[in-house]
Amino acid sequence: MITQLLGSGAVETLFPNGIYRYAVGGILVGAATALIYFGTGIAAGASTFLESTLSYVSDQERFQQYRPSRDWRVVFTIGIVGGAAIYALIYQGEPWSLTGSAWVTEIQPWRLFFGGILVGIGTRIGKGCTSGHGICGVGSVSRTSLVGVATFLIVAIITANLVAAAGVTP
């Protein structure tokens, strides 16, 4: 069906390593999100989970609102990082050597830093991260999340095309 919609060769182009690991990842993310929601009544979003860890080191009221539920949020955050490390170990090389392909990027450090700042600003302005809006918000048919995800995609497509047209490389 996908081949009929996109044309022959499109699936191989979009998913050069096959579609299996993306499908499994999507199923695991969906299942974990449902488990968190049914277990706690809280929609999972990475920015909230990462922000809640600041309640351990900051006395600001903004972070203290997470104190009652911060312990399991930290476990979730560790799971995000741990899952990425396990994936890298299995599919991308030897992470313990720090020279394996899992931990090497061609992107200049200043670009990573600047990109991280922009993501942080966008997360604050958008009142949440792409995972919160894209997985939980869209899944619950939140108008705010539907508009947010559409905006994320449109801006990302335009930005990627502008950067490519300008000839910018990592």
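How much space lies in the second largest pocket? About 350 Å³. Before going on, a word on the ground rules: this is a predicted model, so to speak of local features we need pLDDT of at least 70, side-chain atom pairs count only at pLDDT 80 or more, and totals for chains, interfaces and linings use all residues. Residues are numbered from 1 along each chain as its sequence is written, and side-chain values use heavy atoms, with hydrogens and water left out.

A pocket here is an open set of points on a 1 Å grid over the protein atoms alone, where a 1.4 Å probe fits, with protein on both sides within 12 Å along at least five of seven lines; its lining residues have an atom within 4 Å of a point. Points are joined across faces, edges and corners, and the volume is the space filled by probe spheres set on them.

Back to that second largest pocket: eleven residues line it, and R111, F114, G115, V163 and V168 lie nearest its centre. Two elements give two or more residues to this lining, α7 (109-125) and α9 (143-165), and α7 has the largest share with five. (Helices are DSSP runs of H or I, at least four residues, numbered from the N terminus.) By type, the lining splits into seven nonpolar, three polar and one charged, where Ala, Val, Leu, Ile, Met, Phe, Trp, Tyr, Cys and Pro are nonpolar, Asp, Glu, Lys and Arg charged, and the others, Gly among them, polar.

Now for the largest pocket, which holds about 720 Å³. Of its 23 lining residues, G25, L28, V29, I80 and G83 are the closest to the centre. Here α3 (20-40), α6 (70-91) and α8 (130-139) each give two or more residues, with α3 giving the most, eleven. The lining comes to 15 nonpolar, seven polar and one charged.

So how do α3 and α6 pack? Their axes (lines fitted to C-alpha atoms over the stretch in contact, with angles from 0 to 180 degrees between N-to-C directions) sit 13 Å apart at about 170 degrees. That makes α3 roughly antiparallel to α6 (over 145 degrees). In contact terms (heavy atoms within 4.5 Å), R21, I36 and T40 of α3 meet W72, F76, Y87 and Y91 of α6.

Finally, α8 and α9 pack at about 130 degrees, with axes 9 Å apart. The contact involves T130, H133, G134, G137 and V138 of α8 with T144, S145, L146, V149 and F152 of α9.

Definitions and conventions
Parallel < 35°, antiparallel > 145°, perpendicular 65-115°, else oblique.
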